[in-house]
Amino acid sequence: MSLLHSKLAQILPIQADEIRNMLKEHGDFVVSEVTLKQVYGGMRGVKGLVCDTSEVPPDKGLIIRGIELKEITEKLPEEILWLLLTGELPNQAELADLQKELTARNAVPQYVWDVIDSMPADSHPMAMFNTAILVMQKESVFAKRYDEGMPKSEYWEATLDDFLNLTAKLPAIAGYVYRKRFGKGPRIEPDNSKDWSGNYVHMLGLEDDNGEFTKLMQLYLTLHCDHEGGNASAYTSSVVASTLSDLYYSLSAGLNALAGPLHGLANQECLKWVLETMEQFGGVPSDEDLEKFAWETLDSGRVIPGYGHAVLRITDPRYDAFLAFGKKHMPNDPVFATVSKVFDVVPNVLRQVKKISDPWPNVDAGSGALLYHYGLKEFSYYTVLFSVSRALGIGAQAVIARAYGLPITRPKSLPTAKYAKMVKG
Ligand code: CMX
């Protein structure tokens with residue numbers, strides 16, 4: 001049994017017991033009221049879900065297991081995986097054991113490559129990536145053991161197996177999607193002497209002589225890992241998992257939500273927008289040019305990608321971390337300079353639009369410029385990078401939900417006529 005597995009075997013049943021006791025005593029406690037505006041407004045602010053991996057206070061941004069993001073930007077994604085699941089950062093022996101476990105599970109079945117090869121050459125990279133995850137469903141330990149009659153108390157263990165198997169394989173699959181989709185040459189075999197993100201960089205096949213790109217990827221894969229339970233991808237995934245679909249089904253479902261332009265696809269859209277401004281104004285635009293371009297975008301009925309958030313009401317600390325990386329490693333890069341300028345100009349524009357709740361940059365506003373600097377210029381690929389990281393949070397949430405024995409999700413809907421009757425009293 002791995003160190004992670006034995007640690008979880010100690011803590012998860014205790015947490016599940018605590019929840020059972022709390023429910024027994026306080027099951028009827030009212031935690032939230034719902035207004036009509038919330039019913040028709042994507043349930044913003046309705047407290048009706050549980051997520052123990054992370055929390056996003058509107059005035060602070062992502063907090064993972066009680067630790068603010070700025071304190072863990074130097075950590076490896078594997079350490080974050082451990083933190084998400086257990087609530088603590090791993091010690092050296094625990095980290096080494098997890099890394100060994102992931103390496104042992106990283107072989108991808110040949111049929112996955114065949115499926116990717118047979119997709120249309122102009123498929124979106126997210127469609128290729130998610131198809132590869134879904135086609136591996138037959139490898140699910142959970143599905144197999146469920147068929148064999150596994151007891152409910154062991155569901156989390158089988159889900160942990162699926163989680164580790166998937167996590168181990170995602171960098172190779174994502175690396176191949178990049179090479180295949182953008183004609184970068186043959187697939188690159190993993191180098192098992194490298195850590196999880198280092199191996200991903202290796203399999204992308206981009207130059208990284210000074211190790212800076214690997215550092216960026218480490219940061220990228222850490223920053224995008226989780227964002228509590230109600231965001232569209234995590235929520236979609238948890239609804240699917242609540243039916244006892246295995247993680248292959250539920251992760252690919254959640255990542256399909258991430259592929260929407262209002263969610264994870266915003267990072268591709270954002271760099272596109274930045275490059276469009278540079279093209280229109282022949283280089284780094286002036287503040288006036290940018291302001292004009294921002295208004296043109298808004299007046300044409302489009303959103304300014306990378307800005308605004310359903311929960312946050314401050315500059316996203318993940319954006320701050322990317323901005324700090326850019327200032328340190330590429331202060332004179334024109335695309336990065338434009339991104340910084342957008343930050344100086346766009347919030348003031350968005351503040352003038354009354355309906356917009358949050359004028360500040362989110363995680364997607366800056367990352368593209370940094371990837372672009374290191375030669376990862378195919379921006380339709382960016383959401384795949386986001387997905388590799390977000391799989392950590394989605395997978396951890398799935399393991400924990402199984403340990404808590406959460407039931408199938410089934411909120412109540414009503415027809416508009418009934419709401420209309422209600423408001424008329
Ligand atoms: N540009 C233009 N309009 C914006 C806007 C932006 N950046 N942010 C919000 N608005 C608009 C909304 O489209 C909405 O307009 P309608 O009422 O006409 O539909 C109105 O302002 C109110 O929206 P809100 O309450 O401020 O924000 P929501 O919670 O509804 O939506 C989000 C949040 C992220 C979808 C929205 O801010 C947006 O579309 N931003 C741009 C896309 C983006 O960056 N998405 C990535 C988010 C992070 C992630 O998940 O990866």
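**Exercise 1. Burial and pairing of Tyr155**

Classify Tyr155 in this predicted model as buried or exposed, then describe its ring pair with Phe142.

*Solution.* Step 1: Tyr155 has a relative accessibility of 10% and counts as buried, because the cut-off for buried is under 20%. Step 2: Phe142 is buried as well, at a relative accessible area of 1%. Step 3: a search of the whole structure gives 12 aromatic pairs. In the pair of Phe142 and Tyr155, the ring centres are 5.4 Å apart and the planes stand at 75°, so the pair is edge-to-face. Step 4: Phe142 belongs to helix α7 (residues 141-147) and Tyr155 to helix α8 (residues 155-181), so the pair ties together parts 13 residues apart in sequence. Step 5: ring pairs also bring in Tyr146, giving a cluster of Phe142, Tyr146 and Tyr155.

**Exercise 2. Charges over rings**

State which residue lies over the face of Phe142, and which ring has the charged end of Lys377 over it.

*Solution.* Step 1: over the face of Phe142 lies Arg402, at 4.6 Å from the ring centre. Step 2: the charged end of Lys377 sits over the ring of Tyr372, at 4.9 Å from the centre of that ring.

**Exercise 3. The surroundings of Gln137**

Locate Gln137, decide whether Gln137 is buried or exposed, and list what Gln137 touches.

*Solution.* Step 1: Gln137 is in the loop between α6 (125-135) and α7. Step 2: the relative accessible area of Gln137 is 18%, so this residue is buried. Step 3: leaving aside residues up to four places away in sequence, Gln137 touches Ala143, Asp246, Tyr248 and Tyr249.

**Exercise 4. Packing of α3 and α4**

Find how α3 and α4 are oriented to each other, and give the classes of the residues in contact.

*Solution.* Step 1: helix α3 (residues 77-86) packs with helix α4 (residues 92-104) at about 105°, and their axes are 10 Å apart. Step 2: the two helices are therefore roughly perpendicular. Step 3: from α3, Glu78, Glu79, Leu81 and Trp82 meet Glu94, Leu95, Leu98, Gln99 and Leu102 of α4. Step 4: this contact has 5 nonpolar, 1 polar and 3 charged residues.

**Exercise 5. Packing of α10 and α18**

*Solution.* Step 1: helix α10 (residues 212-223) and helix α18 (residues 382-404) pack at about 60°, with axes 7 Å apart. Step 3: Met217, Tyr220, Leu221 and Thr222 of α10 meet residues of α18, including Tyr382, Leu385 and Phe386.

Methods
Residues are numbered from 1 along each chain as its sequence is written. This is a predicted model: local features need pLDDT of at least 70, side-chain atom pairs count only at pLDDT 80 or more; totals for chains, interfaces and linings use all residues. Side-chain values use heavy atoms; hydrogens and water are left out. Rings of Phe, Tyr and Trp (its six-membered ring) pair if their centres lie within 6.5 Å; planes under 30 degrees apart count as stacked, over 60 as edge-to-face and the rest as tilted. Helices (H or I, at least four residues) and strands (E, at least two) are DSSP runs, numbered from the N terminus. Buried means under 20% relative accessible area, exposed over 50%, partly exposed in between (1.4 Å probe, protein chains only). A charge sits over a ring if NZ of Lys or CZ of Arg is within 6 Å of the ring centre and within 35 degrees of the ring normal. Axes are lines fitted to C-alpha atoms, for helices over the stretch in contact, and angles run from 0 to 180 degrees between N-to-C directions. Angles under 35 degrees count as roughly parallel, over 145 as roughly antiparallel, 65 to 115 as roughly perpendicular and the rest as oblique. Contact means heavy atoms within 4.5 Å. Ala, Val, Leu, Ile, Met, Phe, Trp, Tyr, Cys and Pro count as nonpolar, Asp, Glu, Lys and Arg as charged, and the others, Gly among them, as polar.
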